Amino acid sequence: MNAQQLKARLLDLATTFKNEEAHLTALDRAIGDGDHGVNMLRGFEALKDKLDDQSVESILKSTGMTLMSNIGGASGPLYGFSFVKMAQVAKDEIDHETLVALLTAFTEAIAARGKVSGGEKTMYDVIHRAKDAVENGETVTLKTLQGYAEDTKDLVATKGRAAYFKEDSKGHVDPGAQSSVYILNALIGED
Ligand code: ADP
Ligand code: MG
């Protein structure tokens, strides 16, 4: 993938999040405050005017800065910081090795910023599994990623607002796990 392809994929996420807004809202209503759909849409709609498309690095960095200042909530700083960290390992052609480096930066950024590890029912559960699968040479499609998000359903949340729901958080897919499916699909791009 080159810079122009990455740009197109990230800008397309505005349409994806428009289509998925109600779905993400419903998920966040069940175990949060119901703002995740509108948060993600606001962040990616702002990208149209803010994306700096000179290079893969500038695309990732400007995406991070835009998400940080437009998404809000817990997820804004998490996704925003992750894109800024991915920009630091960017190369202008995203081959397999670079993709692994990007996903490693994404995983480490969420772990550091969210003070989170696997099994806590967050976006991290999808992100670190996607990184491991790509690193192992597995094919990671939208369906693969959706499977990782579905696996958060039976977990009890221990981070973020969902943690207040304790055992009642069981039975619902984590909203951030669901939004990360679309972001990862744009970066990995098998579909
Ligand atoms: P808020 O919880 O402030 O309303 P959002 O609804 O936009 O923010 O985002 C909620 C999502 O953020 C959760 O579903 C979860 O995936 C993610 N999240 C919250 N706290 C953390 C954390 N400490 N580490 C990783 N992800 C987190
Ligand atoms: Mg919320």
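Glu 135 and Lys 131 both sit in helix H6, four residues apart, about one turn of the helix. Their side chains meet in a salt bridge, 3.1 Å from N to O. Salt bridges with shared partners join Lys 131, Asp 132 and Glu 135 into one network. This is a predicted model. The structure holds seven salt bridges.

**Salt bridges**

- Lys 131 also pairs with Asp 132, at 3.4 Å from N to O.
- Lys 131 is buried, with a relative accessible area of 14%, which falls under the 20% limit for that class.
- Its two partners are partly exposed: Asp 132 at 32% relative accessibility, and Glu 135 at 39%.
- Arg 129 forms a salt bridge with Asp 151, with the closest N and O atoms 2.8 Å apart.
- That pair links distant parts of the chain: Arg 129 is in helix H6, Asp 151 is in the loop between H7 and H8, and 22 residues separate them.
- Both ends are partly exposed, Arg 129 with a relative accessible area of 30% and Asp 151 with 44%.

**Lys 121, a buried charge**

- Lys 121 is found in the loop between helix H5 (96–114) and helix H6 (123–135).
- Lys 121 is buried yet has no salt bridge.
- The nearest side chain of opposite charge is Asp 174, 6.7 Å away.
- What does the side chain of Lys 121 reach at 2.9 Å? The backbone oxygen of Ser 169.
- The side chain of Lys 121 also reaches the backbone oxygen of Leu 155, at 3.1 Å.
- Beyond four places in sequence, Lys 121 touches residues including Ile 31, Thr 152, Val 156, Lys 170, Gly 171 and His 172.

**Magnesium site**

- Asp 28, Asp 33 and Asp 35 coordinate the magnesium ion (ligand 2) through OD atoms, at 2.1 to 2.2 Å.
- The donor residues are spaced D-x4-D-x1-D in sequence.
- Asp 33 is partly exposed, with a relative accessible area of 37%.
- Asp 35 is also partly exposed, with a relative accessible area of 24%.

**Nonpolar core**

- The largest nonpolar core has 53 residues. Leu 6, Phe 17, Phe 44, Phe 106, Ile 183 and Leu 184 touch the most other members.
- Helix H1 (3–31), helix H2 (36–50), helix H3 (56–70), helix H4 (75–87), H5, H6, H7 and H8 each supply at least two residues of this core.
- Leaving aside residues up to four places away in sequence, Leu 6 touches Met 1, Val 56, Ile 59, Leu 60, Ile 94 and Leu 187.

**Gly 176 in helix H8**

- Gly 176 lies in helix H8 (residues 175–188).
- Is Gly 176 buried or exposed? Gly 176 is buried, with a relative accessible area of 7%.
- Past its neighbours within four places in sequence, Gly 176 is in contact with His 36, Tyr 79 and Met 123.
- Gly 176 and Leu 11 are 165 residues apart in sequence, and 19 Å apart in space from C-alpha to C-alpha.

**Positive phi**

- Most residues other than glycine have a negative phi.
- Lys 115 is not a glycine, yet has a positive phi of about 45°. Lys 115 is found in the loop between H5 and H6, and counts as exposed at 65% relative accessibility.
- Lys 166 is not a glycine either, and has a positive phi of about 45°. Lys 166 is found in the loop between helix H7 (142–150) and H8, and counts as exposed at 59% relative accessibility.

How values were computed: Residues numbered from 1 in each chain as written. Chains lettered and ligands numbered in written order. Predicted model: local features only at pLDDT ≥ 70, side-chain atom pairs only at ≥ 80, totals over all residues. Heavy atoms only, no water. Buried < 20%, exposed > 50% of the residue type's maximum accessible area, 1.4 Å probe, protein only. Lys, Arg positive; Asp, Glu negative; His and termini not counted. Salt bridge = Lys/Arg side-chain N within 4 Å of Asp/Glu carboxyl O. Polar contact = N/O pair within 3.5 Å; in protein donor to acceptor, adjacent residues only side chain to side chain. Contact = heavy atoms within 4.5 Å. Donors = N, O, S within 2.8 Å, 3.2 Å for Na, K, Ca; no water. Core = buried A, V, L, I, M, F, W, Y, C linked by side-chain atoms within 4.5 Å.
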